[in-house]
Amino acid sequence: MSQLTELSATKSFGGWLKRYKHHSNALQCDMIFAVYLPPQAETQKVPLLWWLSGLTCTDENFMQKAGAQRIAAELGIAIICPDTSPRGLDLPGEHDSYDFGSGAGFYVNATQEPWKSHYQMYDYVTKELPELAMENLPLNGREAISGHSMGGHGALVLALRQPDRYTSVSAFAPITNPSNCPWGQKAFSGYLGPEHNTWAQYDACELIAAGASKQELFVDQGETDNFKTEQLKPEQLQAACKAAGHPLVYRNHAGYDHSYFFIASFIEDHLRYHARHLGVEKT
């Protein structure tokens, strides 16, 4: 098991925001992730919320912009933010666009060259990083998951594919039907090739239609999000859930866009939602 190197530690609301570096065998490169450990973690093991970020983000965006630490400290929940793709590889074309390659791993296991040797993000966020975190951090084994945009897609897919793993799942403005939007089609074609049966295992709407899970989904969407119609397609998620009888809590927020101002406005609702499912009592 790879060892962690602490890069920084910052006190926040009685807990600690830390950044760690480690070598990833799944991605074949060095990776950085961030973790917020609430004050309760000083004396006991705590439950964990995974946060998966969107296109162009690193481990730092959510931790610096979402304002989650105050409520996480109150509830006694740790938060881990992985990076959004492998780093430092300089593969051909990897940095040519914001929506493919660097910063755009889409939480899939790539099968196509030159990506398949490194872009194994599904395995990284479901196997390697959780094992590393459990071995090195004061976590009690109970996990919830959330994310934004591309990370919202990742959160929904991970929860749908592993319905007994995460106590709860939520998403902000997720890419709900990547097989049928430009961002998803570009990423899936490049990472997974042309076979749409392979795409379906990373598409929330397809997984819901296949009956992969009956776990409730909690989704917030900004009404004035510029990406809503072309890329996110929340109506496809609503239709898939209705057709399959899949429980969905969907909230549309007038005036809100795709930014971290939107996330910061409603992150407390999501943290309290996950706290209920994680069985956390207020301190």
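Serine 53 touches Thr58, Phe62, Thr84, Tyr107, His148, Met150, Gly151 and Tyr260, leaving out residues up to four places away in sequence; a contact here means heavy atoms within 4.5 Å. Serine 53 is found in the loop between β4 (46–52) and α1 (60–65). With a relative accessible area of 0%, serine 53 is buried (buried is under 20% relative accessible area, exposed over 50%, partly exposed in between, with a 1.4 Å probe and protein chains only). Please keep in mind that this is a predicted model, in which local features need pLDDT of at least 70, side-chain atom pairs count only at pLDDT 80 or more, and totals for chains, interfaces and linings use all residues. Residues are numbered from 1 along each chain as its sequence is written, and side-chain values use heavy atoms, with hydrogens and water left out.

**A partner of serine 53**

- Glycine 151 sits in helix α4 (residues 150–161) and is buried, with a relative accessible area of 0%.
- Leaving aside neighbours within four places in sequence, glycine 151 is in contact with Leu52, Ser53, Gly54 and Tyr107.
- The C-alpha atoms of glycine 151 and phenylalanine 172 are separated by 8.6 Å, and these residues are 21 apart along the chain.

**The chain as a whole**

- The protein chain has 10 helices and 9 strands; helices (H or I, at least four residues) and strands (E, at least two) are DSSP runs, numbered from the N terminus.
- A compact globule of 283 residues would have a radius of gyration near 19 Å, and the 18 Å of the protein chain agrees with that (the radius is taken over C-alpha atoms, and the globule rule is 2.2 Å times the number of residues to the power 0.38).
- Along its principal axes, the C-alpha trace spans about 50 × 40 × 35 Å.
- Of the 283 residues, 58% count as buried.
- Among contacts between residues at least 6 apart in sequence, 72% join residues at least 24 apart.
- The accessible surface of the protein chain comes to about 11000 Å², and 48% of that belongs to carbon and sulfur atoms; the areas come from the Shrake-Rupley method with a 1.4 Å probe.

**Helix α9 and its two sides**

- In helix α9 (residues 234–244), the buried residues are Pro234, Leu237, Ala240 and Cys241.
- These residues lie on the same side of α9, because they cover an arc of only 125 degrees around the axis (the arc of the directions from the helix axis to the C-beta atoms).
- An α-helix has 3.6 residues a turn, so residues three or four places apart point the same way.
- The buried residues of α9 pack against α7 (204–209), β8 (217–222), α8 (228–232) and β9 (248–253).
- Exposed residues Lys242 and Ala243 are carried on the face turned away from the buried side of α9.
- After α9 comes glycine 245, with a positive phi near 65 degrees.

**Backbone features to look for**

- Most residues other than glycine have a negative phi, and most peptide bonds are trans.
- Glutamine 28, which is not a glycine, has a positive phi of about 55 degrees.
- Glutamine 28 is found in the loop between β2 (15–24) and β3 (29–37) and is partly exposed, at 41% relative accessible area.
- Aspartate 90 also has a positive phi, near 55 degrees; its place is in the loop between β5 and α3, and it counts as exposed at 57% relative accessibility.
- Glutamate 113 and proline 114 are joined by a cis peptide bond, with omega about -5 degrees.
- Proline 114 is in the loop between β5 (78–81) and α3 (121–136).
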